[in-house]
Structure formats: structure tokens, C-alpha cells
Amino acid sequence: MLVVQKYGGTSVGSVERIRGVAKRVAETRAAGHQVAVVVSAMSGETNRLLALAKEVAAQPDERESDVLVSTGEQVTVALLAMALKDMGYPAFSLLGHQVHIETDSAYGRARIKTIKTDRLLSGLRQGHIVVIAGFQGVDEDDNITTLGRGGSDTTAVAIAAALKADACEIYTDVDGVYSADPRICPQARKLQRISHDEMLELASLGAKVLQIRSVEFAKRYQVPVHVRSSFSSDEGTWLVQEEPSMEEVTVSGVTSDLDQTKITLLHVPDQPGLAARVFGSIASENIVVDMIIQNASADGFTDMTFTVPKGDASKAVARMKAVMAEIGAQGVNFDPDVAKVSIVGLGMRSHAGVAARMFQLLAHEGINIQMISTSEIKISVVVAAKYTELAVRVLHDAFIPGAK
Ligand code: ADP
Ligand code: ASP
Ligand code: MG
């Protein structure tokens, strides 16, 4: 078998843990498998590097920021390869550009375009353990790029797809994908299997256990992904194709996302083309708008409310202040103290009344719903941030079978 294993920040967070990882990798190799390993930076390191950049410059240059943050993974690949060699296992490390993981040039959120497999395959054929830096790549002009927070997951699944690996094991600090973040909801249950579409929703709605793009790769290239703990040998969670029985469960998971700011443009003239002006101006800053609502028009005026990631809020508000004058709106409000709480499940397609029940449960706790958005398999609401944990727990207890 050819196995790709990925170890996250906590799993390589200290020298002892790196030795522990080396032991686990060595066991897999000793069992006769070919092993490629992808590692993250030591826990806290990426944040430390980003903070350093902020000390040097108010708006750190994006190209140099990627040169800087990619060093976190350079440390761990070297240490892991060293530890393996010290144990007598042939191993070598490769950075993103050495493998040639080619990405586009969107610094800080680059997308993988192609991966060269020659060097990986020849190493594996010779019996070496190949240790690859997660999170980083190189664009067509040889600039270093990074794939966005949590990007090592995507490196691992993309490498597994390119190598046509038999399995991609994502080792992390929880023992699988849970019905809610186990740190927020102690009642959360480990899921044995989850469909790609549900996992895509969970990842995009705040469950950071897998980066969303890694799930896209897993789905597109049918990579068997197994999320599990680096501290135990228990079976974790498998990402799988959808099966008919999965629709029997209405809700598989509950998530929350605090990385949202709500912006309202007040008293906007209700005329064709204005929404295009407003959101065109946000898009020109490369800001991704999430939820949008426009109130029913009264006297020819309306309010427009939308959410953006917290880090983009000040840019978006500045844009809105400029647009406000142009289109004759009356003001701009913003509120960073909000959270998006969501329920996700394939079963919502076939069960009626799920939204009504969700709203009743929140109302019962006195939680006001500020915005709502739905898709076929999810319902999200924006609420005051202080209610995040309460909302997650209440929804989890009510919707997840056997949670109570
Ligand atoms: P790593 O460093 O291994 O990549 P991350 O911190 O990126 O680990 O992701 C694992 C974390 O994701 C867990 O510690 C957990 O708190 C969080 N998490 C959020 N939602 C979920 C969920 N539904 N299931 C499991 N973990 C979750
Ligand atoms: N080190 C990077 C981060 O902290 C990538 C990863 O851990 O997946 O986001
Ligand atoms: Mg992660």
C-alpha cells in the first residue's frame, strides 16, 4: 500500500511529539507500506510568524509574508526526517518548491494547480520515507506561496491524489470528525463516516478540522481520507461518497464561526443596479461576502446587510462609506460581535420543518436571529457572539440522535 500521512501542528508541537510521529511513521513503513508524510509547523508557530510580520509592517507585503510563514514547515520536515534517519529509516525532506507543488500566485490563499510526482515516486520506490512540507507551494515564477490557514490538509490530500495513494490519513489532536467541535460541545459524538458534501459544508461553516479545499480534492479525485488521532490508534472518521442510508439522519453536525462581521448599509434607494454597485465594490477588494439580506422596500428605500470575514471588515466598511455617498444611502453600521451557527445534514433534503424547529429552539433560549441563509443541506443563522456556545449545545442536543 501507498499511504500519505499528515500530522498537524499539535502532533509535531514538541521534540518528544516529533519523535512520537517518527515512531508511528516508522511502524507504517516497517509494516511494508510506502509512506509519504506531510507535516505542519509546530503548533503556534504560524501565528508567531504572522505576529512578527505585523511588528515590522502595519500591512506586511503578501509575497514576503509567504516567504516568512512557510519557514514553520521547513523546521518540522527537517526535524522529522532527522528523527527517522536516527532510528535507522531512510528518509528525506522536501519543501514545496522541491517537490514542485505549483500554485497560482494568490499569496496567502494560493490554489494548487499541479504536483510533480517524479521525485516523490522515485524516493518511495527506493524505500525512502518522503517527508513533505505542508501549506506551501511555488508559483510559475518561482515565488513561494502558501495555501491559507489549515493548508497542510490540502497539501496532504492533493499529494495523495497525485500519487494515487491507497489512503490519506490526517492525524490531528481529536480522534475524528465530531458532530460538533468537541471543545465547545462535550456531548459531541465521533462520526464513523461523513459524506463529502456534508464535510464541505462543515468545513466552510467553521469546523476547522479539515481545510475546505482538502475536502474538494478528496471528492474530486476520490481520495480515501481518514481523520484520526495522532495520540491513539482508534479508528477515526472516513470521508465517503454519499450513500442512501445517510439521508436517514436529518442533522449530522452543528458548527459555529466567529470570524464574521455584519455590515449594514442603511436607507439605500431601491433601484436596479445598486446591489451590483455595492457588491462589485466589495469584490474589487477581493473580499468574499458570505450572507446577504436585503429588507423589503419601504417608500422606495431598503437596508442591505451582509457579512464578511473579520480581517476584511475595516476595508469593507471603508468601501461602503465611499459607495454610500455615490448611491445616496444614509449610513453604514457594522457589528463584529456576531457568530454564524449552522446545522448540516443530507437528511434535510427529505425532512420538512427542520428550519422551523431550529428557530423555535433558539427562540426558547431567548436568542435573537439576525440573519438566515439556507442551502439544500444546511441552515445558518447569525446571532450575537455571546450566544455561540449556548446555541451550538441546544441545537446539538435537539438534533443529533442520541446526544442527550
Ligand atoms: P491540526 O493542527 O491537526 O491541523 P486543527 O486545530 O487545524 O488541527 O483542527 C483540529 C481541531 O478542530 C480540533 O482540535 C477541534 O477543536 C476543531 N474542530 C472544530 N470542529 C470540529 C469537529 N466537528 N470535529 C472535530 N474537530 C473539530
Ligand atoms: N501551519 C499552517 C497553519 O497553521 C498550516 C497548517 O497547519 O495546516 O495554518
Ligand atoms: Mg489544521
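I count a residue as near a molecule or strand if one of its heavy atoms lies within 4 Å of it. The model is predicted, so I ask for pLDDT of at least 70 for local features and 80 or more for side-chain atom pairs, while totals for chains, interfaces and linings use all residues. Residues are numbered from 1 along each chain as its sequence is written, chains are lettered from A and ligands numbered from 1 in the order in which they are written, and side-chain values use heavy atoms, with hydrogens and water left out.

**Entry 1. Ligand 2**

A side-chain N or O atom of arginine 149 is 2.7 Å from an oxygen atom of ligand 2. The backbone also takes part: a polar backbone atom of glycine 151 is 3.4 Å from a ligand 2 oxygen, and a backbone N or O atom of serine 152 lies 3.0 Å from one. On its own ligand 2 has 260 Å² of accessible area, and the protein covers 86% of it. Accessible areas here come from the Shrake-Rupley method with a 1.4 Å probe, and for residues only the protein chains shown count as cover.

**Entry 2. Ligand 1**

I then turned to ligand 1, which is surrounded by 16 residues, the closest being Thr172, Asp173, Tyr178, Asp181 and Arg183. Its shell divides into seven nonpolar, four polar and five charged residues. An oxygen atom of ligand 1 is 2.4 Å from a side-chain N or O atom of arginine 183. For the side chain of aspartate 173 the corresponding distance is 2.9 Å, and for a polar backbone atom of glycine 9 it is 3.1 Å. Ligand 1 exposes 570 Å² when taken alone, and the protein buries 90% of that.

**Entry 3. Arginine 183**

Is arginine 183 buried or exposed? I call a residue buried under 20% relative accessible area, exposed over 50% and partly exposed in between (1.4 Å probe, protein chains only). Arginine 183 is exposed, because its relative accessible area is 61%. Arginine 183 sits in the loop between strand S9 (167-172) and strand S10 (193-195); strands (E, at least two residues) and helices (H or I, at least four) are DSSP runs, numbered from the N terminus. Leaving out residues up to four places away in sequence, arginine 183 touches Asp173 and Val174, where contact means heavy atoms within 4.5 Å. With aspartate 173 there is a side-chain to side-chain polar contact of 3.3 Å.

**Entry 4. Histidine 226**

I found histidine 226 in strand S11 (residues 225-229). Histidine 226 counts as buried because its relative accessibility is 2%. Histidine 226 and tryptophan 238 are 12 residues apart in sequence but 4.5 Å apart in space, C-alpha to C-alpha. Beyond four places in sequence, the contacts of histidine 226 include Cys168, Glu169 and Ile170. A polar side-chain atom of histidine 226 lies 2.8 Å from the backbone nitrogen of glycine 236.

**Entry 5. Cysteines**

How many disulfides does the structure hold? I found zero, using a cut-off of 2.5 Å between a pair of cysteine sulfur atoms. Cysteine 168 is buried at 0% relative accessibility, and cysteine 185 is buried at 1%.

**Entry 6. Helix H8**

I checked helix H8 (residues 196-204) and found it mostly covered, with seven of its nine residues buried. Among them are His196, Met199 and Leu202. Just after H8, glycine 206 has a positive phi of about 120 degrees.

**Entry 7. Positive phi outside glycine**

I noted aspartate 142, not a glycine, with a positive phi of about 70 degrees. Aspartate 142 lies in the loop between strand S7 (136-138) and strand S8 (144-146) and is exposed at 59% relative accessibility. Histidine 267 has a positive phi near 55 degrees. Histidine 267 belongs to strand S14 (residues 261-269) and is partly exposed at 29%.

Definitions and conventions. Polar contact = N/O pair within 3.5 Å; in protein donor to acceptor, adjacent residues only side chain to side chain. Nonpolar A, V, L, I, M, F, W, Y, C, P; charged D, E, K, R; others polar.
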